[in-house]
Protein chains: 4
Amino acid sequence: MTPPLGDIAHIGHAQLFTPDLDASVAFFTDFLGLTVNGQDGDTVYLRTFDDYEHHSLVLTAREQPGLGRLALRTSSEEALRRRVEAIEAAGGTGKWTEDEPGLGRLYVTTDPDGHEHALYWESEHYQAPQALKPSLKNQPQAKPNRGVGVRRLDHINFLAADVLANAEWQEQLLGARPTEQIRLDSGKIAARWLTYTDKSYDVVYTSDWTGSEGRLHHIAFATDTREDILRAADLAIDTGVFIETGPHKHAIQQTFFLYVYEPGGNRIELCNPLTRLVLAPDWPLITWTEEERKKGQAWGLKTIESFHTHGTPPVQP
Amino acid sequence: MTPPLGDIAHIGHAQLFTPDLDASVAFFTDFLGLTVNGQDGDTVYLRTFDDYEHHSLVLTAREQPGLGRLALRTSSEEALRRRVEAIEAAGGTGKWTEDEPGLGRLYVTTDPDGHEHALYWESEHYQAPQALKPSLKNQPQAKPNRGVGVRRLDHINFLAADVLANAEWQEQLLGARPTEQIRLDSGKIAARWLTYTDKSYDVVYTSDWTGSEGRLHHIAFATDTREDILRAADLAIDTGVFIETGPHKHAIQQTFFLYVYEPGGNRIELCNPLTRLVLAPDWPLITWTEEERKKGQAWGLKTIESFHTHGTPPVQP
Amino acid sequence: MTPPLGDIAHIGHAQLFTPDLDASVAFFTDFLGLTVNGQDGDTVYLRTFDDYEHHSLVLTAREQPGLGRLALRTSSEEALRRRVEAIEAAGGTGKWTEDEPGLGRLYVTTDPDGHEHALYWESEHYQAPQALKPSLKNQPQAKPNRGVGVRRLDHINFLAADVLANAEWQEQLLGARPTEQIRLDSGKIAARWLTYTDKSYDVVYTSDWTGSEGRLHHIAFATDTREDILRAADLAIDTGVFIETGPHKHAIQQTFFLYVYEPGGNRIELCNPLTRLVLAPDWPLITWTEEERKKGQAWGLKTIESFHTHGTPPVQP
Amino acid sequence: MTPPLGDIAHIGHAQLFTPDLDASVAFFTDFLGLTVNGQDGDTVYLRTFDDYEHHSLVLTAREQPGLGRLALRTSSEEALRRRVEAIEAAGGTGKWTEDEPGLGRLYVTTDPDGHEHALYWESEHYQAPQALKPSLKNQPQAKPNRGVGVRRLDHINFLAADVLANAEWQEQLLGARPTEQIRLDSGKIAARWLTYTDKSYDVVYTSDWTGSEGRLHHIAFATDTREDILRAADLAIDTGVFIETGPHKHAIQQTFFLYVYEPGGNRIELCNPLTRLVLAPDWPLITWTEEERKKGQAWGLKTIESFHTHGTPPVQP
């Protein structure tokens, strides 16, 4: 059951729950510069300017913040069929749904930790209305004139009770390639970074210290430049957006980052990888030891405590 | 009659005429990120986020575009008195007015070419309303969340029939220091850059090929970074702002630039000098020859034709 | 004979001929910040700091400048076998060689225009000597402390007598995906951009106005930031590197660019795509018309004449 | 005895002592990109590329690191005479010396805390040798092709037993303008920022927790961009330069910063103010309270402990 690499083309979009839908929508549109592209009851669809699909983010009102669905686009109808067969052959279950605008049917299943994953192939390419038409025909939508103006949903970081089990699920059933990981002195894998593309990661599993399942560490949006992130930090302090940590540079994956909380309570990363890609087809999984991690981030910043503890949904006492 | 250097503290604001006031206000607020700070009939006052005074720009409806007043703040009440005396001792005339909000009385006169200059000392420091309060107390106003977000009015470039006569008026009566100039092979000074501050220039005179008087080449706003200018160029093409030339780097003064036209027809520069300053008290006036100018801009871009011909108001046939 | 996408992993390195080997080596090390990683007679191997392989560029002394070999790494040994079979099934010929350090055997063939292509799988991952060890273990080599410090060989632009025939050779035999093209009013394809990765292009064919075959338009190196390119332009003018055009932004592919000539006469591009990628598995080939091309580059810069005429080797009179 | 503002034109250069002269020279040339411009015994003169004078930094071998002389250029010969008279009228003493190349006589005195200050007027403008000739005639020297390439010596931060007494010495005798300060709940002034120019500060006094006198907190060099500082952080980790803290943004003065230690033990700041200037002639001194300082830096970074304790020379036990 060797999965063909390349059946998953890329992450499509993520769904977040928020106890304050209006404030969350305002954050993503005013601060990040996303555009609302439809609403259905208490669910709002939003998109980054360079997304070729209908939406990059789904916001749904709910009492507690947290993660809903992560949607992954396959590289073909056939690839979708292969992945579903592999999941079910491995004892997994799922159900087909057609509950998202702009997309065909989605196969909804969960990873071992319970995070919902939706696989789909059919996807209408976005056609901007007149007011959002870009100047250049190789860009789906005009660059937003407000907020940060992020280019795309970049990656998702899941908290998980068992990092390795979930990472291997992505690898063996979906064809993800692991690029970097943290191994504690005990041998336990505390985090693993995986990719479906030439980006150095699309999906991350991080150990949930609470032992809870199904929680979210953060979702991340890519900016065009590091300057965009420095500008974002200035906009954040002047508009009341809470900065958790950054701007700084991760040692792992070398991403330039800024972590903020959206008003619903979910952690959001702004990230910039410069032009770094992982093109080697035989890239060796890089392992960071506990001691190496103690050195902090790339330029020496110590990782702040809340980074290890804050996840959504919050853990019930 | 040696003028004490330092009597003029800095340029305060500029006034532009526009045949389409609404469109011009929209350009300066939506694209450049200025804030409207008052209106009086067909005159609108706008400010950049780092201006400590009431306004940086005045827009006034008029049939033809062009330059109204350039206002210069003196370094004290005494300095204001000295400059007025010097002007009148040299045969100049002017009149006192109190026609601008946030400012005390202004002495309004003209340079030899007829460009209106207003000198003033009294100026209320801006106090941001709650919605525009910045996070940091050393900044007058929150950083704008839309458009380019320029920091300040940086300089003004006057077209003049006789560059040298006007430059010497600034030098001898107002205490400007010349930092760079273009001298044609004929000996004629085709342009001169002057400063009142440690910036390498605040005021420029450029030869008007039409021989007309009182016209404007451009006013310029400084951005925080060159990246802001690259981002501005992207916003320009996606929002229909006309780019005349740039982004590129001037050889003279080394300014990174982008020239656009506002909807009223006036040329507006976005400029970034990096951290370059002219701190030498004995800075020698630098002269560029006709041949040196033929090399084009710093990185070799040939100067575009309209740069030599377009001025406001347009010349009547 | 549908080629499996993904058999070619990425471009590996390019070979340039130069009539002044020492000056060319100095250009690539001092100005671009590459590192020499071996020499064999009149051939010098150089690498960018983020290349995981032995070399990114080969410089070989020869009377005329021009392009030698473009090497493409396959995604597996099996993929290499498949591509060779496909080439030979289509009537192509090639020969196996083992003439490059750090690599296994290469299959050397040519595209219809005669540009040499080498396919290979085996590649030793680079191990930096102590003096070049990086701080972070996910980077092959320390960031260079001199020159621009480019991250990777990014793409190659071939001049060709028949763009379409060559592009289709890449598509049908090697599995390249076309992302953008120029179609003249006559229907002729004047240029086509193709990719093997998630980058929006790796290989380009441009119509050679002279009708010659086998010539080079340019090879390009990716920088981390647009600021790196602005800094490069300043370094260029202060170290005597000839700037042909830029910095500016292409409309096609939206690449931020600077074109210079290396001392041997070959055109070299510094390019930055920001974080733009083409992730859609069903990306529609974008066609630019002759009229659209007349608008110039993204921000309106007119394409300079030598861009259409200069190629290497120079055409013999 | 009101001092005429403007008698001090700008800071000229600083002298550092170092127990490892060779390593310190290598740091400033290889990492910061300064150029050696002369040596006299165990003293080496270095310059930034945009310094119009002979040198920006003097390194002198000595057993302990620490600060030697800060040199301030006056705005004229007459201004020099006035400042010397004012110092001596206030009971200060000094002596004239001609011990630095490229400069005329210097008047050497000390602030109340014992930091040596040298005032001078005569200064030969730098003429670059052929190898260092810049492309543009408004720049003293070619932009360095190695290291960070800082533009100028930007400011100096003195540790002092009594901040207020020293700041007032600068204000009353030299004409410095205070722009920002920290006032503890006890009423004590813990730090004050002063300027002689339109830069928001040139000289800082910070309370020395040890109560020692004459020590140095840091000297700072200005980069052209924030990107230069991010690049510098990457170069630092790859070349073994110790990063104390940063890159981040100060709340006070809003400077983007990176603090490193040079091999002699002195703290060096790389700083970037964007295009921020203090142009208001009536700029009100801004006071930060103890509570406001507890919020940390602009984007929330907590100030690291060594920032409060490390100074040079080290305090003897």
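Which residue forms a salt bridge with Lys137(C)? The partner is Glu292(A), and the closest N and O atoms are 2.9 Å apart. This is a predicted model.

## A link between chains

The Glu292(A) and Lys137(C) pair crosses between chains. Glu292(A) lies in helix α5 (residues 290–294) of chain A. Lys137(C) lies in the loop between β8 (116–120) and β9 (152–160) of chain C. Glu292(A) is partly exposed, at 24% relative accessibility. Lys137(C) is also partly exposed, at 36%.

Over all chains, the count comes to 92 salt bridges. One of them joins Arg82(C) and Asp7(C), with the closest N and O atoms 2.7 Å apart. Arg82(C) lies in helix α2 (residues 77–89) and Asp7(C) in the segment before β1 (8–18), so the pair ties together parts of chain C that are 75 residues apart in sequence. Asp7(C) is buried, at 2% relative accessibility. Arg82(C) is partly exposed, at 30%.

In chain D, Glu78(D) and Arg81(D) form a salt bridge with an N to O distance of 2.2 Å. Both lie in helix α2 (residues 77–89) of chain D, 3 residues apart, or about one turn of the helix. An α-helix has 3.6 residues a turn, so residues three or four places apart point the same way. In chain A, salt bridges with shared partners form one network of Asp7(A), Glu78(A), Arg81(A), Arg82(A), Arg83(A) and Glu85(A).

## Rings

The whole structure holds 36 aromatic pairs over all chains. In one of them, the rings of Phe257(D) and Tyr259(D) have their centres 5.2 Å apart and their planes at 50 degrees, so the pair is tilted. Phe257(D) is buried, with a relative accessible area of 2%. Tyr259(D) is buried too, at 2%.

In chain A, ring pairs link Phe27(A), Phe28(A), Phe31(A) and Phe221(A) into a cluster. Elsewhere, Arg226(A) lies over the face of Phe256(A), 5.8 Å from the ring centre.

## Where chains A and B meet

Contacts join 21 residues of chain B to 21 residues of chain A. The buried area is about 1,700 Å², and carbon and sulfur atoms give 51% of it.

## Annotated regions

An unreviewed UniProt entry places the feature "domain: VOC" at residues 10–122 and 152–273 of chain A. Residues 10–122 are 21% helix and 42% strand. Residues 152–273 are 21% helix and 45% strand.

Definitions and conventions:
Residues numbered from 1 in each chain as written. Chains lettered and ligands numbered in written order. Predicted model: local features only at pLDDT ≥ 70, side-chain atom pairs only at ≥ 80, totals over all residues. Heavy atoms only, no water. UniProt positions renumbered as here; feature names shortened; annotations may be inferred. Helix = DSSP H or I, 4+ residues; strand = E, 2+ residues; numbered from the N terminus. Phe/Tyr/Trp six-rings, centres within 6.5 Å; stacked < 30°, edge-to-face > 60°. Buried < 20%, exposed > 50% of the residue type's maximum accessible area, 1.4 Å probe, protein only. Lys NZ or Arg CZ within 6 Å of the ring centre and 35° of its normal. Contact = heavy atoms within 4.5 Å. Buried area = accessible area lost by both parts, 1.4 Å probe. Salt bridge = Lys/Arg side-chain N within 4 Å of Asp/Glu carboxyl O.
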